[in-house]
Amino acid sequence: MKRTLIEVFLAIALIGASVFGWTNWKQNGAAAPQITELKAAAEEAEKTAKTSEEAVKAAEEAVAALREEMAPLESKVQQLEAVKAALANGTTLSDLEAAYKKEKNLSAERQVGLGALRMLTKGANDPATLESFRKALQISDFGNRKNTICAAQIGLAAAGEKVTIMSECLPKSAKDDKGEKDGHGEKTAGKDAKSDGHGKATDKHAKADDKKGGSHGAPHWGYEGEMGPEKWGKEFPTCAKGKSQSPLDIRGPFVKGRIVITTDYKEGALRMVNNGHTIQVNVNPGSKFRIDGIAYDLLQFHFHRPSEEKIDGKPLAMVIHFVHKNAEGKLAVLGVLLKEGNENPGIKTLWANMPKSEGPEVEVEGVKFNPGNLLPKEFDFFSYEGSLTTPPCTEGVRFFILKSTVNVAKEQIAEFPFKLNARPVQAQNGREIVTN
């Protein structure tokens, strides 16, 4: 009996131990995934902590760099505040405005300077401030007044106007970070952008288009395809909305005028540039073009193929545009039409020395040239009020197209690097064409 009880007790104990072991095994099996999850969470937390440490370190370095950049800016802010305080009473502005009242037409440089003084004295919300900057942009010759255009664009932007700024007007870091637009709405291309010799930017895409048809006025436009003249107005509003655009198809009826024009061009060093869009000859000071006795300085002359101007609906082989500016900043263009014929000695000299590929200005050593060698003997002309024939298509340019043509050989036409760099004729919009 005693033995039987012991056996029963042992059996019960064995069953209990088995149940306890099975229960523990089951519980441990359920806890295993939780342990795995906890380990994964611990590892992730460790990675996050490491990343946070690196982020904090990077932020500290960025703050230190910003502090270094801010140091010179703080000095500039103090200088600006000192200037504003000195001009706050408005006496200097009043004196300048009184002096400028005697001037009939202020130059672009004077307009932008007046705008800057008004901004410092009266603030960015002053309507006259904005008007000065706008006028400066309107009358600026894009090729020769980059600094003036930059100042006007930046002034308008500082006043809160919706104006985009030409890439070359921006600090280098801003140009490298992203593509910008110029102050006439033209998009540039950040790191790929470079100057084309007119104070404008081009990029590898624009250069590819320029090879199809040269341009000589702005980035991202040309004479064919998606960058063609019919698209200019999208980025340069004046090209589409202007009412006095150039060139024109010159045809009657004409208005008789008594305007007298003369030239006094001087021989000087031959300075040429192939800007990827045209062949341009830059002229040293001294050469004059006079309209009723008013002197205009010859700045440069360049070539278009075929002629941009048409006579009774027909273009000629090429045209030379001589670009002049007077003391008031007004522009006048003298156009000389070239027809296919005998070899032109003046062009022979130019073509023999012109840069074969795009690049900066080249002064040809030992060669002198007189622009007068390209003019006809007779100075009868057609004249009209027009615009730049390239973006931004600024208006207020007086055109004089000579009736007498000059010969150019077929071979010389073929040597010109650009097969097409002529803007189509524009609507006359009621403008008179004057003839002498």
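Strand S9 (residues 294-304) is joined to strand S12 (residues 318-326) by eight bridges, and the two run antiparallel; strands here are DSSP runs of type E with at least two residues, helices are runs of type H or I with at least four, and both are numbered from the N terminus. Two strands are said to pair if DSSP finds at least two bridges between them. The model is predicted, which is handled by asking for pLDDT of at least 70 for local features and pLDDT 80 or more for side-chain atom pairs, while totals for chains, interfaces and linings use all residues. Residues are numbered from 1 along each chain as its sequence is written, and side-chain values use heavy atoms, with hydrogens and water left out.

**The chain as a whole**

- The protein chain contains eleven helices and 18 strands.
- Of its 436 residues, 41% are buried, where buried means under 20% relative accessible area, exposed means over 50%, and partly exposed lies in between (1.4 Å probe, protein chains only).
- Among contacts between residues at least 6 apart in sequence, 63% join residues at least 24 apart, a contact being a pair with heavy atoms within 4.5 Å.

**Strand S9 and its partners**

- Strand S8 (residues 288-291) runs antiparallel to S9 and is joined to it by four bridges, with arginine 290 bridged to alanine 295 in S9.
- The hairpin of S8 and S9 has two residues between the strands, and aspartate 292 in this hairpin takes a positive phi near 50°.

- Strand S16 (residues 395-402) is mostly covered, since six of its eight residues are buried.
- S16 is joined to strand S13 (residues 331-340) by five bridges in a parallel arrangement, in which leucine 334 has phenylalanine 400 of S16 as its bridge partner.
- S16 is also joined to strand S15 (residues 381-387), by seven bridges in an antiparallel arrangement, and tyrosine 384 stands opposite phenylalanine 399 in S16.
- Elsewhere, three strands form an open sheet with mixed pairing, in the order S3-S10-S11, and its edge strands, S3 (249-250) and S11 (314-315), each pair on one side only.
- Two bridges join S3 to strand S10 (residues 310-311) in a parallel arrangement, and aspartate 249 stands opposite lysine 310 in S10.

**Nonpolar cores**

- In soluble globular proteins, nonpolar side chains tend to be buried together.
- The largest nonpolar core has 39 residues, and those with the most contacts inside it are Ile261, Phe301, Phe303, Phe322 and Leu350; such a core is a set of buried Ala, Val, Leu, Ile, Met, Phe, Trp, Tyr and Cys residues joined through side-chain atoms within 4.5 Å.
- Apart from this core lies another, of 15 residues, among them Leu248, Leu316, Val333 and Leu337.
- If its neighbours within four places in sequence are left aside, isoleucine 261 has contacts that include Phe289, Arg290, Leu334 and Phe400.

**Aromatic rings**

- The count comes to 15 aromatic pairs, where rings of Phe, Tyr and Trp (its six-membered ring) pair if their centres lie within 6.5 Å, and planes under 30 degrees apart count as stacked, over 60 as edge-to-face and the rest as tilted.
- The rings of phenylalanine 301 and phenylalanine 369 have centres 6.4 Å apart and planes at 35°, so this pair is tilted.
- Because phenylalanine 301 lies in S9 and phenylalanine 369 in strand S14 (residues 362-369), the pair ties together parts that are 68 residues apart in sequence, and both residues are buried.
- Phenylalanine 416 and phenylalanine 418 form an edge-to-face pair, because their ring centres are 5.5 Å apart and their planes are at 70°.
- Phenylalanine 416 is buried, with a relative accessible area of 2%, and phenylalanine 418 counts as buried at 7%.
- One aromatic cluster is formed by Tyr265, Phe301, Phe303, Phe322, Trp351, Phe369, Phe416 and Phe418.
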